[in-house]
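I have a new notebook page and a structure to look through. I will jot down each thing I look up as I go.

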Amino acid sequence: MARHEPASPVVRQIDQQFLICSICLDRYCNPKVLPCLHTFCESPTILPICPLVCLSLPPCSHTPVFHHTAPMSVCPSLPLFSACTPTLQCLQNYIPAQSLSLSCPVCRQTSILPERGVPALPNNFFITNLMEVLQRDPDPRGAPPAPLPPLGAATGQPLCCPNHEGKVMEFYCEPCETAMCRECTEGERREHRDHRTVPLRDVLEQHKAALQHQLDAVRARLPQLAAAVGLVAEISRQLGQRRAEAEAEIGSSFEELEAALRQRREVLLRDLEATCAAKQQVLEAQLEVLRQGQESILSSCAFTEQALHHGSATEVLLVQKQMGERLRELAARPFPEHPHENAQLEFHAEPEGLRRSIQNLGSLLTTSATAHTTVATGEGLRQAVVGQPCSDVPPSPEEAKRRVKSPGGGHVRQKALRRPASMYGSAKRKENPIEDELIFRVGSRGREKGEFTNLQGISTSSAGRIVVADSNNQCVQVFSNEGQFRLRFGVRGRSPGQLQRPTGVSVDTNGDIIVADYDNRWVSVFSPEGKFKTKLGAGRLMGPKGVAVDRNGHIIVVDNKACCVFIFQPNGKLVARFGSRGTAERQFAGPHFVAVNNKNEIVVTDFHNHSVKVYNAEGEFLFKFGSHGEGNGQFNAPTGVAVDSNGNIIVADWGNSRIQVFDSAGSFLSYINTAADPLYGPQGLALTSDGHVVVADSGNHCFKAYRYLQ
């Protein structure tokens, strides 16, 4: 059944804006208002056709449920479809049976149902009376448009009681907060028998004022909500922009990696061709000499045999002297019978490590922090670098444990343990020690002078210098004992004098700087001014990490990849080599750094075996100390090591982010207090000429100097 369409545009506007139920899509019938102020029919009187094109058998699956009635034709080019009519009764059928609550179909706000259900919901008298006005005065076609009148002007008469037909509501029940007629207050079955009622006009202005106050308070929130909508929309826009930027950065980063891999492949292929050609040239030259000698012997032998078998006595005597000299010369001639080159030519790589690195390459940094609930804390509030953002985001303990697996980029939280008082009982320890403390820190992440990217080794000299291997920046930087920048040298490359991945660094008695280059697989020697002098270990070293100089001037190199220690003379001649991969006394698992004590004994940190091992100058095992753990004297992957004038051994405990001190026999003494500025993955460690400890704080991209009490 189709509903009557009002003729006037004004009436149609009022009808569509105020008088249509959003459930049945028709004019209200007995409109009920919910606590959220949305209005719906209690039950409709007009059944509209289904707004959807139905193809299923009855009943159709639309919501609300419809049943097919008569067929209808949509257009001549389409087949006949069935029209549908709804079976629901608006709120009566919308609310499940036995439900104690209802959810508004429009805003989904949940409310408690009255005890008597939907019929007990408040009537919307404004809608009811407005419909009565429109039915009584339909605004005939052609009437001039007029604004929507207020309720009192629209009705022109008092509101009638819904419970007593024709009775005017002129009283107000304060306990029930509702209007009513006189009959509602009288009679034996009146609902408001014991309630206080007052004339409606006496409370009207009071309630209108209260409602106006609430209206003003709610309306005042609109600017705040508008601002919030704008802010959240802007954050959403920025998030989309950040996503696009991150996507572009990911693409760019991996394109660069792919280009680097292709470039590396071409370099290796060129090196392979050049190496093979050089070897072949040597072998071909040797083959030429050997073949010429072979041909000379064969021709001489053939000539001599011909003379002996077929020549006359005179002919033999005539050539005897010449042939004898020729044969004697060939018999004595030295031929290069041993190969001048070998066939060794193979490609060595460790793709598994690279594959793991690629699998963990990159990360997405985000938080759920919002400005109004966030408090800024951390070192970045106290000191910063102009033009660079500051960030203090320490990892969780779980993350710290995970990062122990990656010594190149570990950021592990400092334990911040102080020395127990009982540590000062022996005669070697001071009775009233002053707490060790940070003197200064130098550097931040970057590529400029005084900035670092994954610094590794650190060393000192008697001339008051601090030398740092800036690994990912492919250079070495030199500072004074006070942390003042002095010089920087190093050019990235794989030729002699260039640096590819400097890790360990040491200074000899002449002030020359010895640099272990992990990726170039050799050790370079530079003058105090940074001029290249020589290299050593090429062809022998696989991955040099730590380097030191003993009292005889020998250069001691820890080969992290080969798990052994090399001892070279300054001219590059190999003196000794000891160690292999494993857990035994003369074996290592990823050794890192090395130091030499005043007895010329060699002290090596064994990273994955979580220990420190000590050998004599010839490489004979003496003792070891340490085990895996977090307690006193235990390690979680030791790295840097230094020895003081008393023979005490100072060890950087990478996984526990602390520095421990041991006596010359490996017994635990104390910690260096780094709590004021915690370490994050310390690497190299050394003692300055004025007695302070300097440590390469790799995770914080800086080095720090601490007061050290011997």
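This is a predicted model: local features need pLDDT of at least 70, side-chain atom pairs count only at pLDDT 80 or more; totals for chains, interfaces and linings use all residues.

**Entry 1**

**Entry 2: charge on the surface**

Is Arg 447 buried or exposed? Its relative accessibility is 53%, so I wrote it down as exposed; the cut-off for that word is over 50%.

**Entry 3: a nonpolar patch**

I then looked up a patch of another kind, a nonpolar one of about 730 Å². Its members are Ile 250, Phe 254, Leu 257, Leu 261, Leu 354, Ile 358, Leu 361 and Leu 364. Two elements, helix 7 (221-310) and helix 9 (351-359), each give two or more residues to this patch. Helix 7 supplies the largest share, four residues. I checked Phe 254, which is found in helix 7. With a relative accessible area of 35%, Phe 254 is partly exposed.

**Entry 4: salt bridges**

How many salt bridges are there? The count comes to 13, and I followed up a few of them.

I looked at Arg 333 and Glu 329, whose side chains meet in a salt bridge with 2.9 Å from N to O. Both ends came out as partly exposed: Arg 333 has a relative accessible area of 27%, and Glu 329 has 33%.

I turned next to Arg 658 and Asp 653, which also meet through their side chains in a salt bridge, again 2.9 Å from N to O. Here I found a buried pair, with a relative accessible area of 2% for Arg 658 and 0% for Asp 653. Under 20% is what counts as buried.

Salt bridges that share partners join Arg 441, Asp 677, Asp 697 and Lys 704 into one network. Within it I looked up the bridge from Asp 677 to Arg 441, where the closest N and O atoms are 3.0 Å apart. Asp 677 lies in the loop between strand 32 (668-671) and strand 33 (682-687), while Arg 441 is in strand 10, so this pair ties together parts that are 236 residues apart in sequence. Asp 677 is buried at 8% relative accessible area, whereas Arg 441 is partly exposed at 26%.

**Entry 5: aromatic rings**

I counted pairs of aromatic rings next, and there are 18. How is the pair of Phe 452 and Phe 703 arranged? Their ring centres are 6.1 Å apart and their planes stand at 70 degrees, so I call the pair edge-to-face; the label needs an angle over 60. The pair links distant parts of the chain, 251 residues apart: Phe 452 is in the loop between strand 10 and strand 11, and Phe 703 is in strand 35 (residues 702-706).

I followed Tyr 671 to Val 661: the two are 10 residues apart in sequence, and their C-alpha atoms are 5.8 Å apart in space. Val 661 is in strand 31 (residues 658-662), and it is buried with a relative accessible area of 4%.

**Entry 6: backbone angles**

I finished with phi, and a reminder to myself: most residues other than glycine have a negative phi. Asn 30 has a positive one, near 55 degrees. Asn 30 lies in the loop between helix 1 (9-18) and strand 1 (31-33), and it is partly exposed at 35% relative accessible area.

Cys 563 also has a positive phi, near 60 degrees. I located Cys 563 in the loop between strand 20 (555-559) and strand 21 (564-568). Is Cys 563 buried or exposed? Its relative accessibility is 0%, so I wrote down buried.

Note on methods:
Residues are numbered from 1 along each chain as its sequence is written. Side-chain values use heavy atoms; hydrogens and water are left out. Buried means under 20% relative accessible area, exposed over 50%, partly exposed in between (1.4 Å probe, protein chains only). Rings of Phe, Tyr and Trp (its six-membered ring) pair if their centres lie within 6.5 Å; planes under 30 degrees apart count as stacked, over 60 as edge-to-face and the rest as tilted. A salt bridge is a side-chain nitrogen of Lys or Arg within 4 Å of a carboxyl oxygen of Asp or Glu. Patches are made of residues with over 30% relative accessible area and no salt bridge: like charges are joined within 9 Å, nonpolar side chains (Val, Leu, Ile, Met, Phe, Trp, Tyr) within 5 Å. Accessible areas come from the Shrake-Rupley method with a 1.4 Å probe; for residues, only the protein chains shown count as cover.
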